[in-house]
Amino acid sequence: MTASSPRTSNARSSAPGERAFVVMVVAAGSGERLGHGMPKARVDLGGRTILERALESVEAWGRAARVVVTLPAGDAELAEVCRRHGAEAVEGGGTRAASVAAGLERIAGLPERSGLRGILVHDAARCLAPPAVFDAVAAALEAGERAVIPVLPVTDTVKAVDAEGYVASTPQRAGLRIVQTPQGFDLATLEAAHREAALLPAEVALGITDDAMLAETLGIPVATVPGSEESLKITVPLDLLLARTLLEGRSG
Ligand code: C5P
């Protein structure tokens, strides 16, 4: 799978390896489905918190000029993790979209904005995302895309069901993709998308599960690049087991 061809011509390449991106790590979720009785970002994964693992992935990529992290309100432990990694902590909101909006407010006043090639929004829950995925998203932005998402093919058959639980339709699997993070955007595009989102009724806003959905509502083409099985999202206990096994494989 290769990146879609850029549909825009605002390509701005930076020097190889240049720190030309803002990365926003969203880590303000409650982690209820993981069942550890603490925010997911604080859960241990092989001796380090999930947030630390996520920040290490960003550092391993090495192209972030600045890292902003959304955190649960008043979480001193995670704020300390951010401080140690030179990342800025911002209090998140009640939904993922609200957390991203809070992070964008912090970025709005950055003096170095004009030199940036884009912003990558990344779920802390995908803390083992490899540098190659960050690279692919960044390269598509540098080639002129305004919105870029990493994807994987779907291996299961997927059904749409109605409110009574009956199958309504079966979309063709070949045209479906599983969507991951980091999702990349031209900064002004993401800001415009979130301004629009702020006008949506609450019940619609609750159904916005990623940033690309907002770009789609604005009619902005969203390009795809190859994701990675290693970017799995830690949501339920089985995911944590898989992530631990993956880490052992990396260090062994
Ligand atoms: O809830 P979900 O698993 O989709 O969350 C994806 C990511 O968004 C997680 O890393 C989580 O910490 C973050 N999030 C957030 N603020 C919220 C809800 C989720 O930063 N209110």
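Predicted model: local features only at pLDDT ≥ 70, side-chain atom pairs only at ≥ 80, totals over all residues.

Residues are numbered from 1 along each chain as its sequence is written, and side-chain values use heavy atoms, with hydrogens and water left out.

Begin by selecting helix H1 (residues 50-61) and helix H2 (residues 76-84), which pack at an angle of about 20° with their axes 10 Å apart. H1 and H2 are therefore roughly parallel to each other (angles under 35 degrees count as such), and their crossing is right-handed.

Next, select helix H3 (residues 96-108) together with helix H5 (residues 187-197), whose axes come within 10 Å and cross at roughly 130°. That angle makes H3 oblique to H5, and H3 passes H5 in a left-handed crossing.

Now move to Pro182, which lies in the loop between strand E10 (177-179) and strand E11 (183-185). The peptide bond leading from Thr181 to Pro182 is cis, with omega near 10°, whereas most peptide bonds are trans.

Finally, select Val236, Leu238, Leu241 and Leu242, which make a nonpolar surface patch of about 370 Å². Leu238, which is found in helix H8 (residues 237-251), is exposed, with a relative accessible area of 54% (exposed means over 50%, with a 1.4 Å probe and protein chains only).

Note on methods. Helix = DSSP H or I, 4+ residues; strand = E, 2+ residues; numbered from the N terminus. Patch = residues over 30% accessible without salt bridge, like charges linked within 9 Å, V, L, I, M, F, W, Y side chains within 5 Å. Areas by Shrake-Rupley, 256 points an atom, 1.4 Å probe, with all protein chains shown as cover. Salt bridge = Lys/Arg side-chain N within 4 Å of Asp/Glu carboxyl O. Buried < 20%, exposed > 50% of the residue type's maximum accessible area, 1.4 Å probe, protein only. Axes fitted to C-alpha atoms, helices over the stretch in contact; angles between N-to-C directions. Parallel < 35°, antiparallel > 145°, perpendicular 65-115°, else oblique. Left-handed = near helix turned anticlockwise from the far one by under 90°.
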